[in-house]
Number of protein chains: 2
Amino acid sequence: MILKNQNEWALHCCSVLSWVPPERYLSTKALAEFHDVPKEYLSKALQALSQAGIVEGTLGPSGGYRLARKPSDITFLDIVEAIEGKGSTFACTEIRKNNPCRTAKHCDNKPCAVARVMWEADAAWRNTLRGVRLSDLAKTLKETVPADLLEKTGAWVVDRT
Amino acid sequence: MILKNQNEWALHCCSVLSWVPPERYLSTKALAEFHDVPKEYLSKALQALSQAGIVEGTLGPSGGYRLARKPSDITFLDIVEAIEGKGSTFACTEIRKNNPCRTAKHCDNKPCAVARVMWEADAAWRNTLRGVRLSDLAKTLKETVPADLLEKTGAWVVDRT
DNA sequence: CTTCCCACGGATATAAAATATCCTTAAATT
DNA sequence: AATTTAAGGATATTTTATATCCGTGGGAAG
(Lines give C-alpha, C1' and ligand atoms only; values in the text may rest on other atoms or scores of the structure.)
Protein backbone atom coordinates (compact mmCIF):
# COMPACT_ATOMS: atom_id res chain seq x y z
CA MET A 1 0.00 0.00 0.00
CA ILE A 2 1.41 3.30 -1.05
CA LEU A 3 -0.29 6.68 -1.37
CA LYS A 4 -0.71 8.13 -4.84
CA ASN A 5 1.95 10.57 -5.90
CA GLN A 6 -0.86 13.07 -6.44
CA ASN A 7 -0.97 13.50 -2.68
CA GLU A 8 2.54 14.84 -2.71
CA TRP A 9 1.76 17.06 -5.68
CA ALA A 10 -1.44 18.38 -4.14
CA LEU A 11 0.21 19.16 -0.82
CA HIS A 12 3.08 21.02 -2.44
CA CYS A 13 0.72 22.83 -4.77
CA CYS A 14 -1.40 24.06 -1.88
CA SER A 15 1.78 25.22 -0.20
CA VAL A 16 2.74 27.17 -3.30
CA LEU A 17 -0.76 28.56 -3.65
CA SER A 18 -0.45 30.21 -0.26
CA TRP A 19 1.88 32.69 -1.97
CA VAL A 20 -0.80 33.80 -4.41
CA PRO A 21 -1.97 37.36 -3.66
CA PRO A 22 -5.69 37.88 -2.95
CA GLU A 23 -7.91 38.05 -6.01
CA ARG A 24 -5.28 36.48 -8.22
CA TYR A 25 -4.72 33.02 -9.62
CA LEU A 26 -1.86 30.69 -10.47
CA SER A 27 -2.27 28.46 -13.51
CA THR A 28 -1.85 24.70 -13.70
CA LYS A 29 0.91 25.33 -16.21
CA ALA A 30 2.89 27.35 -13.68
CA LEU A 31 2.35 24.77 -10.93
CA ALA A 32 3.41 21.96 -13.25
CA GLU A 33 6.50 23.84 -14.31
CA PHE A 34 7.38 24.68 -10.71
CA HIS A 35 7.23 21.04 -9.62
CA ASP A 36 8.30 19.54 -12.95
CA VAL A 37 5.33 17.21 -13.19
CA PRO A 38 3.05 16.49 -16.16
CA LYS A 39 0.60 19.34 -16.49
CA GLU A 40 -2.36 17.29 -17.73
CA TYR A 41 -2.14 14.82 -14.90
CA LEU A 42 -1.52 17.44 -12.25
CA SER A 43 -4.66 19.06 -13.56
CA LYS A 44 -6.63 16.06 -12.32
CA ALA A 45 -5.32 16.54 -8.81
CA LEU A 46 -6.18 20.22 -8.88
CA GLN A 47 -9.66 19.42 -10.10
CA ALA A 48 -10.08 17.10 -7.14
CA LEU A 49 -8.95 19.88 -4.81
CA SER A 50 -11.39 22.20 -6.50
CA GLN A 51 -14.28 19.78 -6.09
CA ALA A 52 -13.38 19.40 -2.44
CA GLY A 53 -13.62 23.16 -1.99
CA ILE A 54 -9.98 23.53 -1.03
CA VAL A 55 -8.99 25.60 -4.03
CA GLU A 56 -11.07 27.54 -6.50
CA GLY A 57 -10.35 28.01 -10.16
CA THR A 58 -11.26 30.58 -12.72
CA LEU A 59 -11.08 30.54 -16.49
CA GLY A 60 -9.47 32.68 -19.09
CA PRO A 61 -6.07 34.35 -19.34
CA SER A 62 -4.76 35.17 -15.88
CA GLY A 63 -6.95 32.31 -14.72
CA GLY A 64 -5.84 29.37 -12.63
CA TYR A 65 -6.24 28.38 -9.02
CA ARG A 66 -6.05 29.92 -5.57
CA LEU A 67 -6.84 28.66 -2.10
CA ALA A 68 -10.53 28.77 -1.32
CA ARG A 69 -9.90 29.22 2.41
CA LYS A 70 -7.28 30.63 4.72
CA PRO A 71 -4.21 28.37 5.13
CA SER A 72 -5.15 28.03 8.80
CA ASP A 73 -8.46 26.51 7.70
CA ILE A 74 -6.95 23.84 5.49
CA THR A 75 -5.56 20.67 7.02
CA PHE A 76 -3.36 18.00 5.51
CA LEU A 77 -6.29 15.66 5.90
CA ASP A 78 -8.50 17.89 3.77
CA ILE A 79 -5.99 17.66 0.97
CA VAL A 80 -5.21 13.98 1.30
CA GLU A 81 -8.88 13.04 1.47
CA ALA A 82 -9.57 15.12 -1.63
CA ILE A 83 -7.07 12.95 -3.50
CA GLU A 84 -7.29 9.64 -1.73
CA GLY A 85 -10.92 9.59 -0.68
CA LYS A 86 -12.53 9.45 2.72
CA GLY A 87 -12.90 5.68 2.86
CA SER A 88 -10.81 3.67 5.29
CA THR A 89 -7.52 2.23 4.10
CA PHE A 90 -8.67 -1.13 5.42
CA ALA A 91 -11.48 -2.89 3.63
CA CYS A 92 -13.19 -5.51 5.77
CA THR A 93 -14.71 -8.23 3.61
CA GLU A 94 -16.42 -9.85 6.60
CA ILE A 95 -14.26 -12.89 6.19
CA ARG A 96 -15.44 -14.06 9.61
CA LYS A 97 -18.81 -14.94 8.09
CA ASN A 98 -17.17 -17.77 6.19
CA ASN A 99 -16.42 -19.63 9.42
CA PRO A 100 -17.92 -23.06 8.69
CA CYS A 101 -19.00 -23.41 12.31
CA ARG A 102 -21.42 -20.50 12.03
CA THR A 103 -25.11 -21.11 11.78
CA ALA A 104 -27.89 -18.85 10.56
CA LYS A 105 -28.70 -17.66 14.06
CA HIS A 106 -25.20 -16.29 14.61
CA CYS A 107 -25.87 -12.67 13.82
CA ASP A 108 -23.17 -9.99 14.14
CA ASN A 109 -24.19 -7.31 16.55
CA LYS A 110 -20.58 -6.16 16.90
CA PRO A 111 -18.27 -5.17 14.03
CA CYS A 112 -15.40 -7.51 13.26
CA ALA A 113 -12.75 -7.23 15.96
CA VAL A 114 -9.92 -7.32 13.43
CA ALA A 115 -11.49 -4.55 11.38
CA ARG A 116 -12.06 -2.45 14.47
CA VAL A 117 -8.34 -2.37 15.19
CA MET A 118 -7.46 -1.61 11.59
CA TRP A 119 -10.00 1.19 11.49
CA GLU A 120 -8.67 2.58 14.74
CA ALA A 121 -5.20 2.72 13.18
CA ASP A 122 -6.66 4.42 10.13
CA ALA A 123 -8.31 6.97 12.41
CA ALA A 124 -4.99 7.62 14.16
CA TRP A 125 -3.40 8.29 10.78
CA ARG A 126 -6.18 10.69 9.83
CA ASN A 127 -6.08 12.42 13.19
CA THR A 128 -2.42 13.22 12.71
CA LEU A 129 -3.13 14.65 9.29
CA ARG A 130 -6.07 16.59 10.65
CA GLY A 131 -3.80 18.14 13.25
CA VAL A 132 -1.52 19.85 10.75
CA ARG A 133 -2.66 22.90 8.84
CA LEU A 134 -1.27 24.58 5.79
CA SER A 135 -0.35 27.49 8.05
CA ASP A 136 1.76 25.12 10.16
CA LEU A 137 3.55 23.99 7.05
CA ALA A 138 4.27 27.58 6.07
CA LYS A 139 5.72 28.18 9.51
CA THR A 140 7.97 25.14 9.25
CA LEU A 141 9.16 26.18 5.84
CA LYS A 142 9.99 29.63 7.15
CA GLU A 143 12.15 28.01 9.80
CA THR A 144 13.91 25.48 7.61
CA VAL A 145 14.17 26.87 4.09
CA PRO A 146 16.89 29.46 3.40
CA ALA A 147 15.38 32.95 3.47
CA ASP A 148 16.65 33.87 0.03
CA LEU A 149 15.12 30.80 -1.57
CA LEU A 150 11.84 31.45 0.16
CA GLU A 151 11.83 35.02 -1.02
CA LYS A 152 12.76 34.15 -4.58
CA THR A 153 10.07 31.50 -4.67
CA GLY A 154 7.45 33.93 -3.46
CA ALA A 155 8.48 36.39 -6.14
CA TRP A 156 8.42 33.67 -8.79
CA VAL A 157 4.85 32.78 -7.86
CA VAL A 158 3.58 36.35 -7.65
CA ASP A 159 5.19 37.01 -11.00
CA ARG A 160 3.08 34.26 -12.56
CA THR A 161 -0.27 35.21 -11.09
CA MET B 1 -4.71 3.62 -1.26
CA ILE B 2 -6.13 0.46 0.16
CA LEU B 3 -4.38 -2.29 2.06
CA LYS B 4 -4.05 -5.69 0.38
CA ASN B 5 -6.72 -8.20 1.25
CA GLN B 6 -3.90 -10.48 2.41
CA ASN B 7 -3.64 -8.34 5.52
CA GLU B 8 -7.15 -9.32 6.50
CA TRP B 9 -6.44 -12.94 5.68
CA ALA B 10 -3.18 -12.98 7.60
CA LEU B 11 -4.70 -11.39 10.68
CA HIS B 12 -7.62 -13.80 10.76
CA CYS B 13 -5.29 -16.74 10.11
CA CYS B 14 -3.08 -15.80 13.03
CA SER B 15 -6.18 -15.54 15.17
CA VAL B 16 -7.22 -19.03 14.13
CA LEU B 17 -3.71 -20.35 14.66
CA SER B 18 -3.89 -19.37 18.33
CA TRP B 19 -6.24 -22.35 18.73
CA VAL B 20 -3.64 -24.81 17.51
CA PRO B 21 -2.37 -27.02 20.36
CA PRO B 22 1.37 -27.00 21.10
CA GLU B 23 3.49 -29.15 18.82
CA ARG B 24 0.77 -29.41 16.22
CA TYR B 25 0.12 -27.67 12.92
CA LEU B 26 -2.80 -26.43 10.86
CA SER B 27 -2.54 -26.73 7.07
CA THR B 28 -3.01 -24.02 4.48
CA LYS B 29 -5.85 -26.09 3.10
CA ALA B 30 -7.71 -25.94 6.41
CA LEU B 31 -7.12 -22.20 6.77
CA ALA B 32 -8.29 -21.59 3.22
CA GLU B 33 -11.39 -23.66 3.76
CA PHE B 34 -12.12 -21.93 7.05
CA HIS B 35 -11.99 -18.47 5.50
CA ASP B 36 -13.19 -19.50 2.05
CA VAL B 37 -10.27 -17.92 0.23
CA PRO B 38 -8.10 -19.35 -2.57
CA LYS B 39 -5.63 -21.77 -1.04
CA GLU B 40 -2.75 -21.06 -3.43
CA TYR B 41 -2.88 -17.34 -2.90
CA LEU B 42 -3.38 -17.59 0.85
CA SER B 43 -0.27 -19.72 0.80
CA LYS B 44 1.72 -16.67 -0.28
CA ALA B 45 0.52 -14.71 2.71
CA LEU B 46 1.43 -17.54 5.06
CA GLN B 47 4.86 -17.78 3.50
CA ALA B 48 5.34 -14.09 4.20
CA LEU B 49 4.33 -14.63 7.82
CA SER B 50 6.73 -17.55 7.98
CA GLN B 51 9.60 -15.49 6.61
CA ALA B 52 8.83 -12.79 9.15
CA GLY B 53 9.12 -15.33 11.93
CA ILE B 54 5.52 -14.94 13.03
CA VAL B 55 4.49 -18.47 12.14
CA GLU B 56 6.50 -21.57 11.46
CA GLY B 57 5.63 -24.32 9.03
CA THR B 58 6.50 -27.95 8.70
CA LEU B 59 6.12 -30.40 5.85
CA GLY B 60 4.44 -33.72 5.34
CA PRO B 61 1.07 -35.06 6.39
CA SER B 62 -0.07 -33.39 9.60
CA GLY B 63 2.14 -30.53 8.51
CA GLY B 64 1.07 -26.91 8.23
CA TYR B 65 1.60 -23.80 10.31
CA ARG B 66 1.54 -22.72 13.91
CA LEU B 67 2.42 -19.51 15.69
CA ALA B 68 6.14 -19.11 16.22
CA ARG B 69 5.63 -16.99 19.34
CA LYS B 70 3.10 -16.52 22.11
CA PRO B 71 0.02 -14.50 21.04
CA SER B 72 1.07 -11.87 23.56
CA ASP B 73 4.33 -11.48 21.62
CA ILE B 74 2.71 -10.89 18.26
CA THR B 75 1.34 -7.45 17.40
CA PHE B 76 -0.95 -6.40 14.59
CA LEU B 77 1.96 -4.40 13.25
CA ASP B 78 4.12 -7.52 13.02
CA ILE B 79 1.53 -9.16 10.82
CA VAL B 80 0.70 -6.13 8.70
CA GLU B 81 4.36 -5.37 8.10
CA ALA B 82 4.98 -8.97 7.09
CA ILE B 83 2.38 -8.53 4.34
CA GLU B 84 2.64 -4.87 3.51
CA GLY B 85 6.28 -4.18 4.13
CA LYS B 86 8.01 -1.86 6.54
CA GLY B 87 8.33 1.06 4.17
CA SER B 88 6.31 4.19 4.75
CA THR B 89 2.96 4.55 3.02
CA PHE B 90 4.13 7.95 1.80
CA ALA B 91 6.84 8.07 -0.81
CA CYS B 92 8.58 11.43 -0.97
CA THR B 93 10.00 12.04 -4.43
CA GLU B 94 11.79 15.20 -3.30
CA ILE B 95 9.60 17.26 -5.53
CA ARG B 96 10.87 20.36 -3.75
CA LYS B 97 14.17 19.99 -5.57
CA ASN B 98 12.44 20.93 -8.81
CA ASN B 99 11.77 24.43 -7.57
CA PRO B 100 13.21 26.53 -10.40
CA CYS B 101 14.40 29.15 -7.95
CA ARG B 102 16.85 26.76 -6.34
CA THR B 103 20.52 26.98 -7.05
CA ALA B 104 23.28 24.45 -6.57
CA LYS B 105 24.22 25.82 -3.20
CA HIS B 106 20.78 25.19 -1.76
CA CYS B 107 21.44 21.92 -0.01
CA ASP B 108 18.78 20.17 2.06
CA ASN B 109 19.90 19.69 5.60
CA LYS B 110 16.33 19.10 6.75
CA PRO B 111 13.94 16.51 5.32
CA CYS B 112 11.03 17.80 3.30
CA ALA B 113 8.46 19.39 5.61
CA VAL B 114 5.56 17.83 3.74
CA ALA B 115 7.08 14.37 3.94
CA ARG B 116 7.78 14.81 7.65
CA VAL B 117 4.09 15.27 8.37
CA MET B 118 3.09 12.35 6.18
CA TRP B 119 5.67 10.13 7.86
CA GLU B 120 4.45 11.22 11.25
CA ALA B 121 0.94 10.14 10.29
CA ASP B 122 2.32 6.85 9.06
CA ALA B 123 4.07 6.40 12.40
CA ALA B 124 0.82 7.09 14.25
CA TRP B 125 -0.86 4.39 12.18
CA ARG B 126 1.90 1.92 12.95
CA ASN B 127 1.93 2.82 16.63
CA THR B 128 -1.72 1.95 16.91
CA LEU B 129 -1.10 -1.39 15.24
CA ARG B 130 1.90 -2.00 17.45
CA GLY B 131 -0.27 -1.43 20.50
CA VAL B 132 -2.59 -4.33 19.82
CA ARG B 133 -1.48 -7.90 20.34
CA LEU B 134 -2.95 -11.18 19.17
CA SER B 135 -3.76 -11.87 22.82
CA ASP B 136 -5.82 -8.68 22.94
CA LEU B 137 -7.74 -9.83 19.90
CA ALA B 138 -8.45 -13.18 21.53
CA LYS B 139 -9.77 -11.36 24.56
CA THR B 140 -12.06 -9.19 22.46
CA LEU B 141 -13.35 -12.21 20.60
CA LYS B 142 -14.12 -13.95 23.88
CA GLU B 143 -16.18 -10.95 24.89
CA THR B 144 -18.05 -10.46 21.64
CA VAL B 145 -18.40 -13.81 19.91
CA PRO B 146 -21.10 -16.20 21.19
CA ALA B 147 -19.57 -18.80 23.47
CA ASP B 148 -20.93 -21.75 21.51
CA LEU B 149 -19.48 -20.50 18.24
CA LEU B 150 -16.14 -19.88 19.86
CA GLU B 151 -16.11 -23.37 21.29
CA LYS B 152 -17.18 -25.03 18.05
CA THR B 153 -14.53 -23.10 16.17
CA GLY B 154 -11.83 -24.18 18.59
CA ALA B 155 -12.92 -27.78 18.21
CA TRP B 156 -12.98 -27.46 14.41
CA VAL B 157 -9.40 -26.23 14.43
CA VAL B 158 -8.07 -28.81 16.87
CA ASP B 159 -9.78 -31.47 14.82
CA ARG B 160 -7.75 -30.44 11.79
CA THR B 161 -4.34 -30.21 13.40
C1' DC C 1 -16.91 40.35 -31.60
C1' DT C 2 -12.95 37.80 -32.26
C1' DT C 3 -9.13 35.51 -30.48
C1' DC C 4 -6.63 33.35 -27.13
C1' DC C 5 -5.93 31.28 -22.64
C1' DC C 6 -7.66 28.76 -19.28
C1' DA C 7 -10.42 25.19 -16.10
C1' DC C 8 -13.19 21.35 -16.58
C1' DG C 9 -14.35 16.85 -17.71
C1' DG C 10 -14.77 12.71 -20.76
C1' DA C 11 -12.30 9.18 -23.21
C1' DT C 12 -8.57 6.52 -23.81
C1' DA C 13 -3.81 4.61 -23.47
C1' DT C 14 0.09 2.78 -20.77
C1' DA C 15 2.46 1.07 -16.70
C1' DA C 16 2.46 -1.00 -12.40
C1' DA C 17 0.54 -3.51 -8.64
C1' DA C 18 -2.72 -6.74 -6.68
C1' DT C 19 -4.89 -10.97 -7.22
C1' DA C 20 -4.84 -15.57 -8.60
C1' DT C 21 -3.33 -20.04 -10.61
C1' DC C 22 -0.05 -23.52 -11.97
C1' DC C 23 3.78 -26.35 -11.39
C1' DT C 24 8.19 -28.23 -9.52
C1' DT C 25 10.98 -29.49 -5.58
C1' DA C 26 12.04 -31.41 -1.35
C1' DA C 27 10.91 -32.65 3.31
C1' DA C 28 8.14 -35.28 6.72
C1' DT C 29 4.72 -38.85 7.69
C1' DT C 30 2.52 -43.28 7.08
C1' DA D 1 7.24 -46.47 -1.65
C1' DA D 2 3.31 -43.50 -1.59
C1' DT D 3 1.19 -39.51 0.17
C1' DT D 4 0.86 -34.96 2.14
C1' DT D 5 2.59 -30.71 2.72
C1' DA D 6 5.40 -26.04 2.70
C1' DA D 7 8.33 -23.46 -0.27
C1' DG D 8 8.98 -20.91 -4.08
C1' DG D 9 9.38 -19.84 -9.21
C1' DA D 10 6.73 -18.72 -13.31
C1' DT D 11 2.89 -16.97 -15.36
C1' DA D 12 -1.83 -15.21 -16.17
C1' DT D 13 -5.64 -12.05 -15.04
C1' DT D 14 -7.69 -8.12 -13.02
C1' DT D 15 -7.56 -3.72 -11.03
C1' DT D 16 -5.49 0.58 -9.97
C1' DA D 17 -2.36 4.30 -10.85
C1' DT D 18 -0.32 7.09 -14.06
C1' DA D 19 -0.51 9.68 -18.09
C1' DT D 20 -2.13 11.77 -22.43
C1' DC D 21 -5.48 13.62 -25.60
C1' DC D 22 -9.22 16.26 -26.97
C1' DG D 23 -13.65 18.82 -26.86
C1' DT D 24 -16.44 22.41 -24.38
C1' DG D 25 -17.28 26.72 -22.72
C1' DG D 26 -16.12 30.60 -19.73
C1' DG D 27 -13.48 34.81 -19.24
C1' DA D 28 -10.00 38.35 -20.50
C1' DA D 29 -7.93 41.28 -23.88
C1' DG D 30 -7.36 43.35 -28.28
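Rings of Phe, Tyr and Trp (its six-membered ring) pair if their centres lie within 6.5 Å; planes under 30 degrees apart count as stacked, over 60 as edge-to-face and the rest as tilted. By this rule, four aromatic pairs were found over all chains. The model is a predicted one, in which local features need pLDDT of at least 70, side-chain atom pairs count only at pLDDT 80 or more, and totals for chains, interfaces and linings use all residues. Residues are numbered from 1 along each chain as its sequence is written, chains are lettered from A in the order in which they are written, and side-chain values use heavy atoms, with hydrogens and water left out.

A pair of aromatic rings is described by the distance of the centres and the angle of the planes. One of the pairs joins A:Trp9 and A:Tyr41. Their centres are 5.5 Å apart, the planes stand at 85°, and the pair is edge-to-face. A:Trp9 lies in helix H1 of chain A and A:Tyr41 in helix H3 (residues 39-51) of chain A, so the pair ties together parts 32 residues apart in sequence. Helices here are DSSP runs (H or I, at least four residues), numbered from the N terminus. A:Trp9 is buried, at 7% relative accessibility. A:Tyr41 is partly exposed, at 40%. Buried means under 20% relative accessible area, exposed over 50%, and partly exposed in between (1.4 Å probe, protein chains only).

In chain B, B:Trp9 and B:Tyr41 also form an edge-to-face pair, with 5.5 Å centre to centre and 85° between the planes. B:Trp9 sits in helix H1 (residues 5-17) of chain B and B:Tyr41 in helix H3 (residues 39-51) of chain B, 32 residues apart. B:Trp9 is buried at 8% relative accessibility. B:Tyr41 is partly exposed at 39%.

The interface of the two chains was examined next. In all, 56 residues of chain A are in contact with 56 residues of chain B, where contact means heavy atoms within 4.5 Å. The area buried between chain A and chain B is about 5,000 Å², and carbon and sulfur atoms give 72% of it. Buried area is the accessible area (1.4 Å probe) that two parts lose on being put together, summed over both. A:Met1, A:Glu8 and A:Ile95 supply 15% of the area that chain A buries against chain B, more than any other three residues.

No salt bridges were found across this interface; the rule asks for a side-chain nitrogen of Lys or Arg within 4 Å of a carboxyl oxygen of Asp or Glu. Several helices of chain A give two or more residues to the side that touches chain B, among them H2 (28-35), H4 (76-84) and H7 (147-160). H5(A) gives the most, with 12 residues.

Two residues show the contacts in detail. B:His12 lies in helix H1 of chain B and is buried, at 10% relative accessibility. Leaving aside neighbours within four places in sequence, B:His12 is in contact with A:Ile95, A:Arg96, A:Cys112, A:Val114 and B:His35. A:Val114 lies in helix H5 of chain A and is buried, with a relative accessible area of 3%. With neighbours within four places again left aside, A:Val114 is in contact with A:Phe90, B:Leu11, B:His12, B:Phe76 and B:Leu137. The C-alpha atoms of A:Val114 and A:Glu94 are separated by 9.8 Å, and these residues are 20 apart along the chain.
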